[in-house]
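Student: Please take one part of this model and go through it closely. Then connect it to whatever else can be said about the fold.

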Amino acid sequence: MEIVKMSEDTWRIEDEGVRFFLLAGTNKALLIDSGMQIHNAKEIAGQLVSLPVELLNTHGDRDHVGSNDEFESFYMHPAEASNYYNTQKKKGNFVPVENGDVIDLGGRRLEIISIPGHTPGSVAILDVDNRVLYGGDTVQDGTIFMFGVQREFHAYLHSLKKLEALSGQFDSIYPSHGTIPVKPDLIPKLHEAALKVLAGDIKAEDAEFHGMALKKYDAGCASFLCPGDEI
């Protein structure tokens with residue numbers, strides 16, 4: 001684990017290939033995701049800020065919810081409930097957030113943007129005044145998981161177009177994996193790459209994940225890990 005102070009009120013915590021974030025306002029602080037191997041994210045946050053700490057999950061995959069049990073409740077998009085409770089077998093109570101909702105930390109407004117595709121309830125978080133987008137797994141230059149019954153390429157494409165239309169509102173993107181930061185011009189590159197994957201224009205390589213046979217499509221700007229039979 002590594003804790004990196006990015007500004008006076010923002011930290012990132014690196015946790016074996018996934019990262020999550022702590023954002024502080026004047027009234028409270030917010031964790032964006034809660035880690036994978038780490039199970040004391042709230043305790044860590046309490047060592048960095050002297051404010052009440054809340055939690056928001058960009059989505060419910062297991063590498064983003066490692067410390068959720070520390071919290072009585074957490075913010076999550078309702079469309080993510082099946083992934084969280086049924087697929088990941090996690091527990092706890094979520095407070096629903098929808099597209100356009102704003103969480104005010106006190107002098108720091110965070111706008112929720114619904115971006116289904118990687119998972120049904122994936123969200124990005126726009127740090128409005130700091131012009132930063134927290135993109136979860138959707139916008140990154142690493143490996144994007146697109147296998148499993150709840151992931152869907154067509155929805156992913158629509159979400160990328162939605163983010164591209166909003167790209168004048170942010171200067172940097174902080175992803176959960178890969179390089180940090182990335183620039184907004186990665187979004188149209190990912191859209192073009194996803195179209196090529198769907199069209200069969202990128203040759204697949206055999207891959208596996210926890211014994212599951214998959215296909216990996218290296219698009220240059222990122223790689224997509226997809227089902228082994230067909231997308």
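Tutor: Start with aspartate 201. It sits in the loop between helix 4 (186-199) and strand 14 (204-209). Helices (H or I, at least four residues) and strands (E, at least two) are DSSP runs, numbered from the N terminus. This is a predicted model: local features need pLDDT of at least 70, side-chain atom pairs count only at pLDDT 80 or more, and totals for chains, interfaces and linings use all residues. Residues are numbered from 1 along each chain as its sequence is written, and side-chain values use heavy atoms, without hydrogens or water.

Aspartate 201 is exposed, at 58% relative accessible area. Exposed means over 50%, buried under 20%, partly exposed in between (1.4 Å probe, protein chains only).

Now the cysteines. The structure has zero disulfides. Cysteine 221 is in none, and its nearest cysteine sulfur, in cysteine 226, is 13 Å away. That is too far for a bond, because a disulfide needs a pair of cysteine sulfur atoms within 2.5 Å. Cysteine 221 is buried at 16% relative accessible area. Cysteine 226 is buried too, at 0%.

Last, helix 1 (residues 41-48). Its buried residues are Ala41, Ile44 and Ala45. They span an arc of only 100 degrees around the axis, so they lie on the same side of helix 1. The arc is that of the directions from the helix axis to the C-beta atoms. Their cover includes strand 1 (2-7), strand 3 (18-24), strand 4 (29-32) and strand 5 (53-56). Contact here means heavy atoms within 4.5 Å.
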